[in-house]
Amino acid sequence: MTKNIMKKVLSIQSHVVSGYVGNRVSVFALQLLGYDVDFINTVQFSNHTGYPSFRGQVLSPDQLNELYEGLKQNNLNQYDCLVTGFMGNATILQAIMNIVDDQKKMNPSFKYFCDPVMGDGGSLYSSMGEEMITKYNNLVLTNADYLFPNQTECEYLTNMKIIDIPSALEAIDILHNKGISCVVITSIEFPGDNSIILIASQIQDDGELERIKVVLPKINQDFTGTGDLFTSTFLGWSMQQLSLIETLSNTLVTVQTIINSSIISKDNPNGELRLVQHVMDIMHPPQNPGFEIQRL
């Protein structure tokens, strides 16, 4: 890290025995970027849910409370930020918000980075439902400092369709009005457009908005874990006091490099993210991004 004091992160996300999603991605990436990472697994599955089948367990709210209480009793609950991803079920969100409240009381500079994993491609995942959307709206959005929805998740959270750039900005403003200082819609696809659009918006110290658009090449393969990689590397660079543009550039270069290396092949038949092969690309992002970052 560029700072002398090592920051400590609590990551509450999914875990898989085989593959790279959730905490298997975030903990690895954040440790490479110099962070001390504690982690709690919301689920423990054999593999991610994109496979034909999976087995495992889901963490209950009581189990999460018990783990956090153990940390508190030993004064081990001192964190600079929290990152959350796949929840498994909606009931655990209140327990997580209790942790956020506790942390913000102890540390006014504490930041909550939230990836509201609920769906993609225009629909919710099969394990999600209206209860998840309601709890995110009533509990999470008023507590998050950074939010990283994809297009589908943003539409469900704001109850509006994103059909062009102006409607995307309108949806982002709805989220800003809930108190979220930085919103990144990580992927937007418009009909007939062979590209992925990312839009980031951050409220500056003077109250002005900094808005950024990035156009990325579309790869005809569904990847799992890219949102976890994006959120964790974004956290890693932004907490080092980099600008929004610098943070986005470093994050996207790393993510795009790993995605391009993870295309299904004989050596990678399941299209898992090749994290271990790209340690240096996480720690030292290449300086030839291959995309243009535009201010809006």
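This is a predicted model: local features need pLDDT of at least 70, side-chain atom pairs count only at pLDDT 80 or more; totals for chains, interfaces and linings use all residues.
Q: OK, and H1 itself, which of its residues are buried?
A: H1 covers residues 23–32, and its buried residues are Asn23, Val25, Ser26, Val27, Ala29 and Leu30.

Q: Let's move to H7, then. Which helix is Phe234 in, and is Phe234 buried or exposed?
A: Phe234 lies in H7. Its relative accessibility is 1%, so Phe234 counts as buried, the cut-off for that being under 20%.

Q: Nice. What does Phe234 touch, leaving out residues up to four places away in sequence?
A: Phe113, Tyr146, Phe148, Cys182, Val184, Leu244, Thr247, Leu248 and Thr251.

Q: I see Leu244 on that list. How do H7 and H8 pack?
A: H8 spans residues 244–261, and it packs with H7 at an angle of about 145 degrees, the axes being 9 Å apart. The crossing is right-handed.

Q: Who makes the contact there?
A: From H7 you have Thr226, Leu229, Phe230, Thr233, Phe234, Trp237 and Ser238. H8 brings Leu244, Thr247, Leu248, Asn250, Thr251, Leu252, Thr254, Val255, Ile258 and Ile259.

Q: And by class, what's in that contact?
A: There are 10 nonpolar and seven polar residues, with no charged ones.

Q: Switching topic: how about H3 and H4, what's their packing angle?
A: About 15 degrees, with the axes 10 Å apart, for H3 at residues 93–106 and H4 at residues 130–140. That angle makes H3 roughly parallel to H4, and their crossing is right-handed.

Q: Which residues meet between H3 and H4?
A: Leu93, Gln94 and Met97 of H3 meet Met132, Lys135, Tyr136, Leu139 and Val140 of H4. By class, that gives six nonpolar, one polar and one charged.

Q: Last one, the cores. Which residues touch the most other members of the largest nonpolar core?
A: Leu64, Ile96, Tyr112 and Tyr136, in a core of 55 residues. There is also a second, separate core of 39 residues, which includes Val9, Ile212, Leu244 and Val253.

Q: Back to Leu64, what does it touch beyond four places away in sequence?
A: Leu64 touches Ile12, Ile40, Leu59, Ile92, Ala95, Ile96 and Ile99.

Key
Residues are numbered from 1 along each chain as its sequence is written. Side-chain values use heavy atoms; hydrogens and water are left out. Buried means under 20% relative accessible area, exposed over 50%, partly exposed in between (1.4 Å probe, protein chains only). Helices (H or I, at least four residues) and strands (E, at least two) are DSSP runs, numbered from the N terminus. Contact means heavy atoms within 4.5 Å. A nonpolar core is a set of buried Ala, Val, Leu, Ile, Met, Phe, Trp, Tyr and Cys residues joined through side-chain atoms within 4.5 Å. Axes are lines fitted to C-alpha atoms, for helices over the stretch in contact, and angles run from 0 to 180 degrees between N-to-C directions. Angles under 35 degrees count as roughly parallel, over 145 as roughly antiparallel, 65 to 115 as roughly perpendicular and the rest as oblique. A crossing is left-handed if the near helix is turned anticlockwise from the far one by less than a right angle, and right-handed if clockwise. Ala, Val, Leu, Ile, Met, Phe, Trp, Tyr, Cys and Pro count as nonpolar, Asp, Glu, Lys and Arg as charged, and the others, Gly among them, as polar.
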